[in-house]
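Please read it alongside the sequence and the coordinates.

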Amino acid sequence: MAWRIRRVVTGHDAQGRSTFIMDGLAPNIKEMASMPGVALTDLWETTTAPADNTGTADAAARPVKLEPPQVGSILRIVEFPPDTMWQGADAAKAFESIGAGHAPDAHSDDPMRHKTSTIDYIVVLKGEIYAILDTGETLLKAGDVLVQRGTMHSWSVRGTEPCIVAAILIGATPHA
């Protein structure tokens, strides 16, 4: 069962005053059927830069996809279970289910190894997770922040508790 997140969104009323336009559990959750325990909760998406703050529509009311639009962003909570829960799962199918069949590294023995055309600000909210790159790995703990700049990477939760991260993904020019 995915961790449920309360999402509060502000906007403007008809008189131009600041107001709360949404307050409740975030409805846009994708629990990865092919990777038990992995869950993505998208809280908001922008499709332009600068972002458009008009209107009251739910900008996250669309299918969950890995990457934002090239000039947009996604605010997401990701729940990673311990590796033992999903090792051997069909990672390719999971990436396909979020419109990212292009992202995995087909030459790696790590099925979660992938690259996106984004800059990601990752904040560990709960638990611990290893960020794995070509040249090594580092353990991230609650309160740590990773700035992931379109690099080939993977994740590993080696303990017995899930890790929950907040991720802000912003479209970026891909590195060759």
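Rings of Phe, Tyr and Trp (its six-membered ring) pair if their centres lie within 6.5 Å; planes under 30 degrees apart count as stacked, over 60 as edge-to-face and the rest as tilted. By this rule there is one aromatic pair. The rings of Phe80 and Trp155 have centres 5.8 Å apart and planes at 40°, so the pair is tilted. The pair links distant parts of the chain, with Phe80 in strand E5 and Trp155 in strand E10 (residues 154-156), 75 residues apart. Both Phe80 and Trp155 are buried, where buried means under 20% relative accessible area, exposed over 50%, and partly exposed in between (1.4 Å probe, protein chains only).

The model is predicted: local features need pLDDT of at least 70, side-chain atom pairs count only at pLDDT 80 or more, and totals for chains, interfaces and linings use all residues. Residues are numbered from 1 along each chain as its sequence is written, and side-chain values use heavy atoms, with hydrogens and water left out.

A second ring interaction involves a charge. The charged end of Arg158 sits over the ring of Tyr130, 3.9 Å from its centre; the rule asks for NZ of Lys or CZ of Arg within 6 Å of the ring centre and within 35 degrees of the ring normal.

**Overall fold**

The chain has two helices and 11 strands, counted as DSSP runs numbered from the N terminus (helices H or I, at least four residues; strands E, at least two). Along the sequence their order is β-β-β-β-β-α-α-β-β-β-β-β-β. A compact globule of 176 residues would have a radius of gyration near 16 Å, and the 17 Å of the chain agrees with this; the radius is taken over C-alpha atoms, and the globule rule is 2.2 Å times the number of residues to the power 0.38. Along the principal axes, the C-alpha atoms fill a box of roughly 55 × 35 × 30 Å.

Of the 176 residues in the chain, 41% are buried. The accessible surface is about 9800 Å², with 56% of it belonging to carbon and sulfur atoms; areas come from the Shrake-Rupley method with a 1.4 Å probe, and for residues only the protein chains shown count as cover. Among contacts (heavy atoms within 4.5 Å) between residues at least 6 apart in sequence, 64% join residues at least 24 apart.

The contacts listed here leave out residues up to four places away in sequence.

| Residue | Relative accessibility | Class |
|---|---|---|
| Pro69 | 25% | partly exposed |
| Ser73 | 18% | buried |
| Asn28 | 14% | buried |

Pro69 lies in the loop between strand E4 (39-46) and strand E5 (73-80). Its contacts are Glu45, Thr46, Thr47 and Gly171. The C-alpha atoms of Pro69 and Ile170 are 8.1 Å apart in space, although 101 residues separate them in sequence.

Ser73 belongs to strand E5. Its side chain makes a polar contact of 2.7 Å with that of Thr46. Such a contact is a pair of N or O atoms within 3.5 Å; within protein, one must be able to donate a hydrogen and the other to accept it, and residues adjacent in sequence count only if both atoms are side-chain atoms. Ser73 touches Trp44, Glu45, Thr46, Pro68, Leu169 and Ile170.

Asn28 is placed in the loop between strand E2 (18-25) and strand E3 (29-31). A polar atom of the Asn28 side chain lies 2.3 Å from the backbone oxygen of Ala60. Ala60 is also among the residues that Asn28 touches, together with Leu40, Thr41, Asp42, Arg62 and Val64.
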